[in-house]
Amino acid sequence: MFEQVWQWVVLVAVIALVGVGAVVGLVRGRAGRTATLPPPARTPGSTGTGLPSGGAGGGDGGGVATLPGGPVTTTPGEAAADTGTLPAEPEAPAYEKPESARGRLARLRARLARSNTALGKGLLALLSRGHLDDAAWEDVEDTLLLADLGPEATGELVASLKTQVKVEGSTDEAQVRSWLREDLLRLVDPGMDRRIASSRVQGRPAVVLVVGVNGTGKTTTVGKLARVLVAEDRDVVLGAADTFRAAAADQLATWGDRVGVPTIRSEREGADPAAVAYDAVKAAAEIEADVVLIDTAGRLHTKTNLMDELGKVKRVIEKLSPIDEVLLVLDATTGQNGLEQARVFGQAVDVTGIVLTKLDGTAKGGIVVAVQRKLGVPVKLVGLGEGPDDLAPFDPAAFVDALLD
């Protein structure tokens, strides 16, 4: 009898426990169920985790975010630490859009004409005065030589003009101007290839090395050339390999920043210029740029050790990539001295093109003919002023017309 009672007690207890468990489970399911909630949308005045400004949580230690439906524990790094105001989207830098270089020389023609009045107008005055005796022809020769045309080109031009005057028997100014234009254009040689290497070559960037003596405006020329190329929709990288002059890298970077062009430089003053040039070419290849322009330190052509250093820069670059263009920057006002510079630089780095700067000052237009003959390479660019867009692709016809205006 006692055993039956005990069995009933145990059974009732089991049933009671089961009933209590069911009730507890039902209560928990309605009031305290844990859920994964989608993150609330960001609205002005809320934090990145949905916390109202000044709410609990945040920081690296985790916290409790008060959300509808019950507390949800966040893990470290989940809760944001912002202040409730969404950060403004960063604005894209406002880069300058340079004007197209096409026709720029024609636009600057008046400025060029002012710099060469002695050549054009002086010759026309001499040749049109009616009686061309030996003394008059000597004056013509002197005018051409003073214009830095060089003795060889001067002799050719005078001989051609003498023949035409003798055959035609005319000294009419319009006729003489026509002869002079034809002969000068022939001497400037419009058949030379004056294109600048600025497009990718066999899957790599074109490499342009810019060299010259101190004070020719070399770094400025590199910056202006970058503007010319950006106007032609080229992706450009600048290499600040002039590590001798303290401000050169900053100057070049400023030019690049204005048009959104990156500058590769060393933060260490006096760094190896060859290493900087190498890094610039490597960076240009990695970002698949169209062209990399490498500025080098100005150096006197009479200093053998400095010219040897320039040769080293060239050799180091060529371990990574061929050099497609070597531009020699010459100050057009230096006249015949510039020809000797051209000769020495040509021996050191195989110059492929000339940039004549300061052609708007006291320069004499004949230097174009003389330097082309000295090196056998074309004048490709001319600097006609201090403005950022005063570097123009050289146009032989526009140049000669400017001489004769």
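## Overall make-up

The secondary structure of this protein comes to 14 helices and ten strands, where helices (H or I, at least four residues) and strands (E, at least two) are DSSP runs numbered from the N terminus. The model is predicted, so local features need pLDDT of at least 70 and side-chain atom pairs count only at pLDDT 80 or more, while totals for chains, interfaces and linings use all residues. Residues are numbered from 1 along each chain as its sequence is written, and side-chain values use heavy atoms, with hydrogens and water left out.

Of the 405 residues in the protein, 44% are buried, a word that stands for under 20% relative accessible area, as exposed stands for over 50% and partly exposed for what lies in between (1.4 Å probe, protein chains only). Among contacts (heavy atoms within 4.5 Å) between residues at least 6 apart in sequence, 75% join residues at least 24 apart.

## Helix H13

Helix H13 covers residues 367–375, and its buried residues are Ile367, Val368, Val369, Ala370, Val371 and Gln372. After H13 comes Gly376, which has a positive phi near 75°.

## Two aspartates with positive phi

Most residues other than glycine have a negative phi. Asp148, although not a glycine, has a positive phi of about 65°, and it is placed in the loop between H5 and helix H6 (151–168). Asp233 likewise has a positive phi of about 65° without being a glycine, and its place is in the loop between helix H8 (218–231) and strand S4 (236–241).

Asp148 is buried, with a relative accessible area of 10%, whereas Asp233 is exposed, with a relative accessible area of 61%.
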